[in-house]
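Welcome! Have a look at it first, and then we will go through a few features together.

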Amino acid sequence: MLVALALALSPFTQDSHAVGATAPVPARPVAPPRSAAMGGPRDIEVLLTNVPGAIRNEVPGLPGVAFDPGVAPVHFDRVYGHPGGHWVLTALADLAPTEDEVLIVDGQLVIREGDPAPWTGGTELCGTLDQRVGVNASGAVVFATNSSASSNDDYVVSHDAGNWTVYAREGDPIPGLPGATFDDRIDSALIVDDGRVGCAADGIDGTVSTSEDDVLLLGASVLAQKGVTVPPGQAGSAPAAIEDFDLGDFWASADGQHWMVQCDLDGALGSDDVVLVDGNVVLQEGVSIPGSSILESIDEGGIFGVSMDAAGHWYARGDVDGTGLDWVVRDGEVVARTGAPVVPGSTEHWDDARFSEGFFAHVGNAAGSWVVAGTTDEADPALDAVVVLDGHAVVVRESDPVDLDGDGAHDDDVFIDTFGTDDFFLTDDLDLYMVARLKDGSGHLVGQALLRAALDPGVGTGYCGAAVNSTGRPGALLALGSARVTDDDLRLRAFRLPPSSHGMFFVSRMPGSIPNVGGSQGTMCLAGTIDRFLRPGDFGSTGLDGAIELRVDLAAIPQPSGPVAGLPGDTWYFQCWYRDSGAGGAATTNFTNGVEVTLE
């Protein structure tokens, strides 16, 4: 399949470079010590690995078959996922080259290269699998592949609860483009929560000319077309049409209402590489980042990666001309840049001395959280690659220990060596999935693995379960940041709420459990003296992503008698109330779980 060949040859192929330097693991604590805000080693679980003899070394569904051994960063491809918790990736089994690629969803084998292709009735064999795959809220997965057929052998297919559906096949009509048919370049497959599938199709045939033969599709809609679509928002007085779409850089929100792609325009080199969000140019090579204090223009070839999370927040990273400063933007806002502190108040800074791109990942969930990963000016090369949550805390670091045998202890002499470029995704429950290369304490490489780290912010304890709301899931509340009074960085984030609703936070010194209080369909988890956060900005709309956040002023916690200062040793209980709809769409209210926080 031509897509697979292009992936193999592209210099930007995932894992064509990994980040970090193989070196012995330093003794802990490291010098200089990390502050509390910088976090510490997390419990990092191995889900799949090719380390010989490890308990998760066997390919699920293929008894006695191990994952392909080796230390090169090619054995597990990029992991994709849905913030509800589903994950999917392709990997290599220790089998013959014609049958070694496997597709794994939530730890289960879906299909293997060389298997009879179910979407053909078993008359053709499944071929190579594109590494770009997608999964939605129900666990339905979509991928591009070819088959053993002598012609019309390229497909985009979905698999949902045992059912196979062909979305695109070489030679078939293209939805939304009468007279056009798919050719053999179909890639960048994704799936949204309502089951619509999207992809990019290049070299299409039929009634289109070669100057218009590349399209971007979602369901039955053509989102953009080479030579036809002229995106608004371009710099200069002569807007250009799209020339081609970048392989694998097509994204959509979970509801399919927003989309993103990196592509080239039919214009001058040095200004033709652009990022589109909902069809509009938001970043352009040769132009500075709009609204940013970074005045230099984005360098030629200086947009290194893009992504969009399930809520429709978009991310991009790159560098600028002249100074070579590296940056990451989220919804157009610069959230990380070389030379800036890794987290507020830190003496460790983002740096590109050992890795020229500086940053190597950016992902978000549907609850408003996001992570940025990159290299720093940490003197020890075995510690200079970090993952930062919400710009506030380092949650994973190169050389962190890995629980290889799953017994809950860091006693396996296995540590993170390097992270794969873009090999991350984040769930709403703050589980971070990542593909990394592993080493032992002496710095010797031992293999590669899909890892999961629970990014429990370490602030407070959840209690008092929440009722399911109109989204089909219970609203959730997390306490983020720090419980230390002197840090003054305690944040409450409520998510999985109805979009564009209204939310408000409550606080008390006592827990409780009062079902259906005031006619609500939820449970009030507070008792005693209860008050609300009512300062401007403390409450309001849950927005399109169904989330709302509050920064708690620990010097002025609301109480009926007036605000009080939180003191070390105090325990406070928090909850979020929000408007909801019940049976038949009737207006009602609901609550998240409660969170107990003891201040330090």
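Rings of Phe, Tyr and Trp (for Trp, the six-membered ring) count as a pair when their centres lie within 6.5 Å. Please keep in mind that this is a predicted model. With that cut-off, a search of the whole structure turns up 15 aromatic pairs.

**A tilted pair across the sequence**

- Trp 87 and Tyr 433 have ring centres 6.3 Å apart and planes at 35 degrees, so this pair counts as tilted.
- Trp 87 belongs to strand S4 (residues 87-92) and Tyr 433 to strand S30 (residues 431-439), so the pair ties together parts that are 346 residues apart in sequence.
- Are these two residues buried or exposed? Both Trp 87 and Tyr 433 are buried.

**An edge-to-face pair and its cluster**

- Trp 119 and Phe 143 make an edge-to-face pair, with 6.0 Å from centre to centre and 75 degrees between the planes.
- Trp 119 sits in the loop between strand S6 (108-112) and strand S7 (126-135), while Phe 143 is part of strand S8 (residues 141-147), so this pair ties together parts that are 24 residues apart in sequence.
- Trp 119 has a relative accessibility of 13% and counts as buried; Phe 143 is buried too, at 1%.
- Which residues make up the aromatic cluster with Trp 119? Trp 119, Phe 143, Tyr 155 and Trp 164 form one cluster.

**A charge over a ring**

- Arg 132 lies over the face of Trp 251, at 4.5 Å from the ring centre.

**A sheet of four strands**

- Strands S7-S8-S9-S10, in that order, form an open sheet of 4 strands with antiparallel pairing.
- S7 and strand S10 (163-169) stand at the edges with a single partner strand each, so one side of each has no neighbour in the sheet.
- On average, neighbouring strands of this sheet are turned by 30 degrees against each other, direction ignored.
- S7 and S8 pair in the antiparallel sense over 5 bridges, and Gly 134 stands opposite Val 142 in S8.

**Positive phi values in loops**

- Asp 278 is not a glycine, and its phi is positive, near 55 degrees. Asp 278 lies in the loop between strand S19 (273-277) and strand S20 (280-284), and counts as partly exposed at 32% relative accessibility.
- Asn 516, also not a glycine, has a positive phi of about 55 degrees. Asn 516 is found in the loop between strand S35 (502-515) and strand S36 (523-532), and is partly exposed with a relative accessible area of 46%.

Key:
Residues are numbered from 1 along each chain as its sequence is written. This is a predicted model: local features need pLDDT of at least 70, side-chain atom pairs count only at pLDDT 80 or more; totals for chains, interfaces and linings use all residues. Side-chain values use heavy atoms; hydrogens and water are left out. Rings of Phe, Tyr and Trp (its six-membered ring) pair if their centres lie within 6.5 Å; planes under 30 degrees apart count as stacked, over 60 as edge-to-face and the rest as tilted. Helices (H or I, at least four residues) and strands (E, at least two) are DSSP runs, numbered from the N terminus. Buried means under 20% relative accessible area, exposed over 50%, partly exposed in between (1.4 Å probe, protein chains only). A charge sits over a ring if NZ of Lys or CZ of Arg is within 6 Å of the ring centre and within 35 degrees of the ring normal. Two strands pair if DSSP finds at least two bridges between them. Axes are lines fitted to C-alpha atoms, for helices over the stretch in contact, and angles run from 0 to 180 degrees between N-to-C directions.
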